Amino acid sequence: MSPRDPDAPLEVDGVPVLLAPVTGPAHAGLVFRVGLVDEPLARRGITHLLEHLVAPGTARSGTHRDSRTETEHVYFHAQGTDEEIAAFLTGVCDRLRDLPVDRIAPERDALRAEAAGRRADWMPMWRHGARDFGMPSYPELGLDALTAEHLGDWAARWFTRENAALWVGGEAIPAGLKLDLPSGERRPAPAPSSTLPSTPAYFVAGETDLGWDTVVPRGPRAAVFANLLERRMIRELPAGPGDAERIRTRYEPRADGTARIVATIELRPDDAEAALGALVRLLDELAGGQIDEAEVAAVTELTADGLRTARQRGARLPGQAFNLLTGHPLQSLGEAVAAVREVTRDDVAEVAARAYRSGLLMTPAGTRTELPGYTAAPAASAETVPGRVHHGRGNRALRLVAGPDGVSVDDGESIASVRYDACAALLAWPDGGRQLIGEDAVVVRAEPALYRRAGRVTAEIDARVPADRRIDLAAREPAAIPRPPRTRWFRSGA
């Protein structure tokens, strides 16, 4: 869809609007350029909680309302009559200006219930660390500490008319729609960080976790490659009842002009080794150009059909609105379909080779760890920080190092270090236990009770980690507090 008139763009109360007719019920959505990438780890969950606070309750029969917090954006969506759509989106904006703070506690409980059924995606954390694009891997650690003031400040910074766009699937903008948002500024997404010294890389996850992700330039070539990859995975990975439903790829465009492609496989434990081998072989073959021209042609047609179907339902509008927010060009359906049909076998082979080079493989625990061409993603630190050494009680190989720049733990096999100037979050328990999470996702568990003469370490950590990175937790059950091993002494002789 192209803008109606570049010289006189559609807008509502200063918010730009994308309008297109659809088959079926009318719908509309309001999108803001803020998401998980913008949250510091110690405030993880603030955008999601704010979204829940301002989205009204269950819609009447025959209508549909939903809202969602994504990696780089938040949207509020309604389907129904013009009056229902206008009431929903107008109400969202009104509540953003006057937050219903009395609902903070019940909405926190609702988010915890959601999290209980959510499957973790560990690949963002291993690729990006405990910051920006690594945030989707982390639980909503900041929920308990969030106050009405925190939420109000977040709304004022991110939920503004300059940082929003509206899409409408229908004949006209709903009458009576009012987007009373404060003035602000357009907020670009942060640049993705990286913790991977080299790629392709791999890390070991749970027994049934197998997946792969990569980052490539966004565009029709990458979208076709993602669809072809899923098709090949379904065909070539270990077959069995329901396997096609257990294999998925996603193509996720980003504001910076790249796209994340992620492939996941829900494994049965007995399939882990065979599935890993099959996926590694498939990625090697694609990177080596073993791609059939006829299959590329078939996939491009399926991709084009998907664009046409999405256009009829208005499903292209949310992506177009996000493009508008992030400065990417808007394409008509004809332009998008033509671009997909221009994709050749060589184009897909080029994307496949690039995708392989930047790939990150998530391997199941218990499977082989020697993967030719892949480097183990770093799971530990290279060295300890300078400072005082506290040996473990009952285990002298265990060392806690505390210094003015940070804290380290060395267990004799690996080192974990977090510098205070790169500490993403500090978890604090009333018994003195502290857990520091570094921006590189390395975790240091500083439990003073486990070490000799370490009583003052807790106070030093508390003094040096900024207050806005601290998360105070409830008291632990006694059995959950780490204790030094018991040493049994025997007297020799009669």
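This is a predicted model: local features need pLDDT of at least 70, side-chain atom pairs count only at pLDDT 80 or more; totals for chains, interfaces and linings use all residues.
The protein holds 13 helices and 20 strands. Along the principal axes, the C-alpha atoms fill a box of roughly 100 × 55 × 40 Å.

**Helices α6 and α8**

- Two packed helices are described by the angle between their axes and the distance between the axes.
- The crossing of α6 and α8 is right-handed.
- On the α6 side, the contact is made by Phe225, Leu228, Leu229, Arg232, Met233 and Glu236.
- On the α8 side, the contact is made by Ala278, Leu279, Leu282, Leu283, Glu285 and Leu286.
- Of the residues in this contact between α6 and α8, nine are nonpolar, three are charged and none is polar.

**The four-stranded sheet**

- Strands of a sheet pair through backbone hydrogen bonds, either parallel or antiparallel.
- Four strands form an open sheet in the order β19-β18-β17-β20, and their pairing is mixed.
- β19 (443-446) and β20 (470-472) are the edge strands, each pairing on one side only.
- From one strand to the next, the twist averages 15 degrees.
- β18 (residues 434-438) pairs with β19 in the antiparallel sense, over four bridges.
- Arg434 has Ala446 in β19 as its bridge partner.
- Helix α13 (residues 457-464) packs on the sheet and touches β17 (423-428), β18, β19 and β20.
- The direction of α13 makes about 40 degrees with that of β18.

**Backbone details in loops**

- Most residues other than glycine have a negative phi, and most peptide bonds are trans.
- Thr199 and Pro200 are joined by a cis peptide bond, with omega about 0 degrees.
- Pro200 lies in the loop that runs between β6 (164-169) and β7 (201-204).
- Ala441 is not a glycine, yet its phi is positive, at about 80 degrees.
- The loop between β18 and β19 contains Ala441; these two strands pair in the antiparallel sense.

Terms used:
Residues are numbered from 1 along each chain as its sequence is written. Side-chain values use heavy atoms; hydrogens and water are left out. A crossing is left-handed if the near helix is turned anticlockwise from the far one by less than a right angle, and right-handed if clockwise. Contact means heavy atoms within 4.5 Å. Ala, Val, Leu, Ile, Met, Phe, Trp, Tyr, Cys and Pro count as nonpolar, Asp, Glu, Lys and Arg as charged, and the others, Gly among them, as polar. Two strands pair if DSSP finds at least two bridges between them. Axes are lines fitted to C-alpha atoms, for helices over the stretch in contact, and angles run from 0 to 180 degrees between N-to-C directions.
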